[in-house]
Amino acid sequence: MVTAPIRRYRWMRLLRSCDFDPERLETPLQEPGNDDFIICGCPRSGTSLLAAALFQPPESVVSMEPWDGLRMEPAALFASLRSEIEDDGVLRRGRLDISALQQEGRVAWVRDGERLATVEVESRFRLGVKWPAFWRYLDRLPNTRFLVCVRDPVEVVASMRRTGGRLADGYDYDVAFNRVMNTYLRDATSDPAIRTALLYEYVNSRVVPHVDDSNVLVVHYERWLEEPKELLSEVAHFLGLKNIELNIRPYSSAREEPRGEVDSLVRRFSPSAEQFGYPLP
């Protein structure tokens, strides 16, 4: 039996291994291939849902949050993923539970590399990598397709607080990739509730300048609830996919809308939400 101290040691060792800082990259940055795409956005905005919906070999394969994404430049990451898929027919990296998705249409997580997935692909299949923090490459990869997920800020902040861990404290993973943002959030306030709203604002205010870029498609989470087939069709068209069908269970949101404190936080600290069509409370 693995004890809590051992689990924590392994977790901290994993985080320390993610020492890649995009601030140190030279410009221009080498682009991934024409058939590669990135899924990103603020945490708790539907990036995992979209990644699962686009895992549909032979046309499309998505690796969800492979830790190598925080260790390698994008072009090298995509090249290495393509190599193992094309050479061995196996996807070894990523945290999407492929069995749960294919058998039940359920979006679930596993440890990175815990379960291998055998995939048969076409000669020009689309390969996606889902990392919420990859919005940072919007300025650096002008020819790479980005699917940027957005969601009502009240829902996002409430979800962060329910999730617990660092998100509830208003931080992303404690890795070099997020160091600049986490430092800003730490210095901005000692109140974790305020930091969750500032985290939403930090990410989405930096996405706003790119919403009209030809290589960017904004994906609103709420459309999974209202018109999932139409949304998936638009995403498929953007990526040049032909035979993509809805492969996830119908999504519903039975939870009551959060009010009070969360509304106040969003109203004060997340003004960029209006740029995506979300009226402030």
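Which residues touch the most other members of the largest nonpolar core? The structure is a predicted model, in which local features need pLDDT of at least 70 and side-chain atom pairs count only at pLDDT 80 or more, while totals for chains, interfaces and linings use all residues. Residues are numbered from 1 along each chain as its sequence is written, and side-chain values use heavy atoms, with hydrogens and water left out.

The residues in question are Leu54, Phe134, Leu147 and Trp224, within a core of 87 residues. Helix α8 (residues 192-207) supplies the largest share of this core, 9 residues. A nonpolar core here is a set of buried Ala, Val, Leu, Ile, Met, Phe, Trp, Tyr and Cys residues joined through side-chain atoms within 4.5 Å; buried means under 20% relative accessible area, with a 1.4 Å probe and protein chains only. Helices (H or I, at least four residues) and strands (E, at least two) are DSSP runs, numbered from the N terminus.

Strands β1 (residues 36-41) and β6 (residues 145-150) are joined over 5 bridges, and Ile38 stands opposite Phe146 in β6.

Thr47 lies in helix α2 (residues 47-53). Thr47 is buried, at 4% relative accessible area, and its contacts include Ile39, Lys130 and Cys149.

Terms used: Pairing = 2+ DSSP bridges. Buried < 20%, exposed > 50% of the residue type's maximum accessible area, 1.4 Å probe, protein only. Contact = heavy atoms within 4.5 Å. Lists of a residue's contacts leave out its neighbours within four places in sequence.
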